[in-house]
Each structure stands twice: as C-alpha cells, then as structure tokens.
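Please keep the sequence and the structure in view while reading.

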Amino acid sequence: MKLTGAQLLADMLAGYGVSHVFMVPAVLRRTFAEMERRTQIKRLHCHGEKAAAYMADGYARASGKPGICMAQVVGALNLAAGLRDAYLAHSPVIAFTGGRDAKTKFRKVYQEIDDVPAFEPVTKWNATIDAVERFPDMVRQAFRVATSGAPGPVHLQFRGNEGQLDQEEADMEPLVEAQFARVPPFRPRPDEAELKRLLGFLEKAEKPVIVAGGGVRASGASAELVALAEALSIPVATSLNGKDCIPGTHPLNVGVVGSYSRESANRVVAAADLVCFVGTSAGGMTTHVWAVPKIGVPALQIDIEPETIGRNYPLKAGVLGDAKVCLSMMLQLADRTSRRKAWVENVRRVCDEWKDKYKSSLASEGIPIRPERICAELSKHVPDDAIVLSDTGHAGMWMGGMYDTRSLAQSFIRSAGHLGWAFPAGLGAKCAAPGRPVVTFTGDAGLWYHLGEIETAVRWNIAAGTVVNNNSSGNQSKRGFDRAYGGEQTAKGRELWTYTNVDFARVASDIGALGIRVERPKDFPKALNEALKSGRPALIDVVTDIEAIAPAAVNG
Ligand SMILES: Cc1ncc(C[n+]2csc(CCOP(=O)(O)OP(=O)(O)O)c2C)c(N)n1
C-alpha cells in the first residue's frame, strides 16, 4: 500500500485507539492534517512541551492506554523534562520529536542540538527514525515497549527538525497489534511451586502485612488484592502510587506507608513480622528511605520485573508474575482458616488512634481553611467514579495521609515527584475518561507552573475540576528552612518560599473557566458540586492557612 508517513502514522495511532495527542507545534504537521482527514484524533496544542508530556502522562495513567506527546526539535528537551515523572511512575507515554537530518547535522542548523542523549535516562526505549519505511515497525515497537513489563516512556525522534520525514512515501501497511494498545499486554504466570512457598510463609506469619504498589493498579488487580487480604485477614498498606488499590474505608487498609504517608501505616508495617511487597519496587519513598520496614525484616515480593525482586530487601521468597494472576492463584490456594484476631484487632486500634489524633483537624472550622479539612471533604464528596489526582510535595503529603477513597471504582493518581504535574495531568486524565469526574488537588506553587494551561482547558472544554490549596506560598519548605537557619528562620527567610496573594478563581474566570473562591470550610462541598456539574473546566481556589504543615512521617 503506497502511503505517506503522515497517513500511515495517523492510521496507526487511530488503530491503537489514541483519542488525543498533546503537543506544541510545529512537529509532524502533515500527520496532523492527515489525522483530521482520516481519524477522530484530537490534536491539543498546549502552552509548553512539559505540560504536554504531563497531559499525556495523566491520559496514560487514567486509561492504561499510551499517552502521546510531541515537540519539534527546539522543544525536545522541554518534553524530555516532562517525561521524568512518567518514567518514575511507570507510565506508558510515547514522545515524538523532530530531529536532525543526516544531510545537515553538525553545520549549525538553527535551534538544533543532539537531543537523543537527554531522553536516555527518562525512557525505556529511545530511538531514531531516519527512513519512512521504518515507521510501521518502529511505531509498533514503541507501543510494545511502553506497555509491556513494567510500563514506561518511549521516545521516537523523526528525521527533520519538524519531523518532515512524514511527507515521504513508501509501500507500507498500517498494521496495529491491539494487544499493545493498553497495559498490560501480557500476564506472565508465576511458577506455581514458588508461589505456594511464598503463600506458605504468608499463611504462617502471625503479624503479616501486604504493601501494595502501582503494579497492582497497572495489572488491574485491586479486587484480587482486597479478596486475598480478607481471606487471610492481612492488613494492607499501599505505596502512594498504589493508594487506590484498596478503598480507604476498608477495615484492613492501614493507609499509605513511607514518606508521604499516614502514621497508622508506618506503625503497622514497622510492627509486622512479615512484609509481602506486591507490585512495588520498595523504593525510598514507600519505605521512608528503607526505615519502614527495616531492612532485614522477613520479606516476600511479587513483581512483573525480575530485577525488582529482592532489590531493596533480602527475601524469604520472591515470585515473578503478573499481580492479578498471582493474587488470584493465591486466593484459590489459600488456607482460609488462618485467622489473626489479635493482630487485626491491634491494627484496628492503631488506625483508630490515627483517626482520633486527626479528628479535629479533619473537621476543622478554622479560617483560613486547614488543608486536612479539604482532604476530608474530598473523601466525603468526590463522586463514586471520580479520578482524583494529587500534586507532589505538600499536596502529596496531605492527600497521601488524609484523603480516603471510598470504593475501587474511584481512582487516585499522584505526581511521582514533580511539582506542577497534577494540573496538566488532570486535563489529560479527563481527555482519557471524559465520562468520569476528575478532581485535581494542587498547591498554589504547583498551579503556577502551568497556569497557561487553563486556556488549553477552556479552548478544548476539558471539564476537569481543580482544587487549589492556596496559602500564597510553598509552605512545605517552612520546616526545611527553619532547620537551615538553625531553629527558626528569620522573617526575611520567608522570602524563599512565599508568593503574592492571588485569587486564582478570578484568573480562571478571566480566561473563560469557571472560577470559585472558597474562604469558609462549609462552602467547599457546594463549590465542588457546582464545579463538577458545570460541564466546564473549573478551578476552586481555597484560601488556606499558611501555618498548616503536614505531619512528618514516623519510623514506627
Ligand atoms: C520540579 C520540582 N521542583 C521543586 C520541587 C520541590 N518542592 C516540593 S513541594 C514545593 C513547594 C510546594 O508548594 P505548593 O504547591 O504551593 O504547596 P504547599 O507546600 O504550599 O502546600 C517545592 C518547591 C519539586 N517537587 N519539583
């Protein structure tokens, strides 16, 4: 079949079920024209390449389908910067950039440097396409790598600063492998004997805990996780990435463990006599820099990535396999008679102590508003099928520790470390799941990064809701600067983390979104309802207490 690269690329992306691409022009221009002629794909041009990468990332994490972002040669490193969060979060993002032409490279071409090395640390696969005949196999490989194993970003650089290679023609077939259109394409089965051995340890333990991570959500294994925990009476802590794998309201859920965590989770994991990691790399964030649990605790691990098993904790047993397959096999094999009444009661007591300790801040009537109260209102009022996103830093601490999902039908997605990720990611999530309510929680410093994307949301009527914890500062830094000043910082020290007091609701309204300012806690539920019912991009600017600092993680 004679096709141009542009025609082929448009057809293949449509074949993989791509509904949106996120970019800053000008790149693959002819492909965009062909998308209009041949497909329903929406082409969202954004106000920065980093935001485009975050939108693609939010799209990917909300749907499990690869998110596509693009930049021309001069924007390539901005795009690479935005891939870092997707890389850290194992999110299947595919980035297309324009690149050098063999005929002119090294001759000081306008705007050109060698971008390829910069993508190396933020991708699973980083490749160049120099001949149009290679479009089909390279695009298929991009989807294959992005979605398989532990998912992650891929970069393809197309010849020509704007990827002009797409105008060339060749005999090509737009063959699509539907299996790689979403995560997970494969569900590797574990070795049954090894799984039985692992299960034996779990059944015999007196005080076990499961630590579930993003691998459980990628595998769609939440129901199996909850069922196994119930069958064996095992408490579950999650990583921040795995927070939605068990409802926050479930009696066996002790909360998010690690650094951006809930005290009860750290206490329970530290007290356990056996820790079973499922779909988590047991990295620094989930273990509070390997303090919770302590290295040396009897440990088990189930993961789809061989190199993750045993990387951070010596193991009594490690099993390679897909989380859903492993957990459902364990459920069938499990001896359901084992009951750990004393341990489970003790765990409940620890959780109740946490609730008592934070009851008053979660219900605070304080003005300016306490962030804990916003989290509590979100726990109560986000719709049953909502996708909730959280930025990092303080936003991750507040939402990791204080927010609860109510059922497995609710999703929670978080920044893996980049401040400013959540607002654009929330827009991408809404593009991926237009039928689901999307609520993003961010601080004002987080929102400032990509404020211009309010205009993108308005232009495309992306009806996501954004809640801004607006304390006119990045006050997570307060504790660190107090330490740096040797106790308490000077008044001038506050210059390092405070900002102008801005009404973001007004800014949003000026741009054409719905803007609502909330100054009293009791007005929040109505504002949330109005925002989500509006069918428009909506921003709720919540005026909050600059003195509110999230509780630090405990070691047990
Ligand atoms: C790209 C990037 N740069 C810097 C940081 C460090 N950082 C973490 S939280 C934070 C301030 C957060 O401020 P805001 O979003 O307003 O939330 P608040 O602390 O006020 O609740 C900063 C600068 C980061 N996480 N990511």
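## Basis of the model

This is a predicted model, in which local features need pLDDT of at least 70 and side-chain atom pairs count only at pLDDT 80 or more, while totals for chains, interfaces and linings use all residues. Residues are numbered from 1 along each chain as its sequence is written, and side-chain values use heavy atoms, with hydrogens and water left out.

## Overall form

The chain contains 20 helices and 20 strands. Helices (H or I, at least four residues) and strands (E, at least two) are DSSP runs, numbered from the N terminus. The chain has a radius of gyration of 24 Å, close to the 24 Å that the globule rule gives for 556 residues, so it is as compact as a globular protein of that length. This radius is taken over C-alpha atoms, and the globule rule is 2.2 Å times the number of residues to the power 0.38. Along the principal axes, the C-alpha atoms fill a box of roughly 70 × 60 × 45 Å.

## Surroundings of the ligand

Which residues come nearest to the ligand? Of the 17 residues around the ligand, these are Ala445, Asn471, Ser473, Asn475 and Gln476; a residue counts as near if one of its heavy atoms lies within 4 Å. Helix α16 (residues 444–449) gives the most to this shell, with 4 residues. The shell divides into 3 nonpolar, 13 polar and 1 charged residues. Here Ala, Val, Leu, Ile, Met, Phe, Trp, Tyr, Cys and Pro count as nonpolar, Asp, Glu, Lys and Arg as charged, and the others, Gly among them, as polar.

An oxygen atom of the ligand lies 2.8 Å from a polar backbone atom of Ala445, and one lies 2.7 Å from a polar backbone atom of Ser473. At Asn471, an N or O atom in the side chain is 2.9 Å from a ligand oxygen atom. The protein covers 75% of the 590 Å² of accessible area that the ligand has on its own, as given by the Shrake-Rupley method with a 1.4 Å probe.

A search of the whole structure finds 2 cavities of 30 Å³ or more. On a 1 Å grid over the protein atoms alone, a cavity is a set of points where a 1.4 Å probe fits but cannot get out, and lining residues have an atom within 4 Å of a point. Grid points are joined across faces, edges and corners, and a volume is the space filled by probe spheres set on the points.

The largest cavity has a volume of about 80 Å³. Its lining holds 13 residues, of which Lys243, Gly248, Asn253, Gly255 and Asp404 lie nearest its centre. The lining of the largest cavity comprises 3 nonpolar, 7 polar and 3 charged residues. The second largest cavity holds about 60 Å³ of space, and its lining includes Phe423, Leu427 and Ile454. This second lining has 9 nonpolar residues, 1 polar and no charged.

## Backbone details

The peptide bond from Pro25 to Ala26 is cis, with omega near 10°; Ala26 lies in the loop between β2 (20–24) and α2 (29–38). The bond from Val292 to Pro293 is also cis, with omega near 0°. Pro293 is in the loop between β12 (274–278) and β13 (299–303). Val289 is found in the loop between β12 and β13, and its phi is near 55°, a positive value in a residue other than glycine.

Terms used:
On a 1 Å grid over the protein atoms alone, a cavity is a set of points where a 1.4 Å probe fits but cannot get out, and a pocket is an open set with protein on both sides within 12 Å along at least five of seven lines; lining residues have an atom within 4 Å of a point. A polar contact is a pair of N or O atoms within 3.5 Å; within protein, one must be able to donate a hydrogen and the other to accept it, and residues adjacent in sequence count only if both atoms are side-chain atoms.
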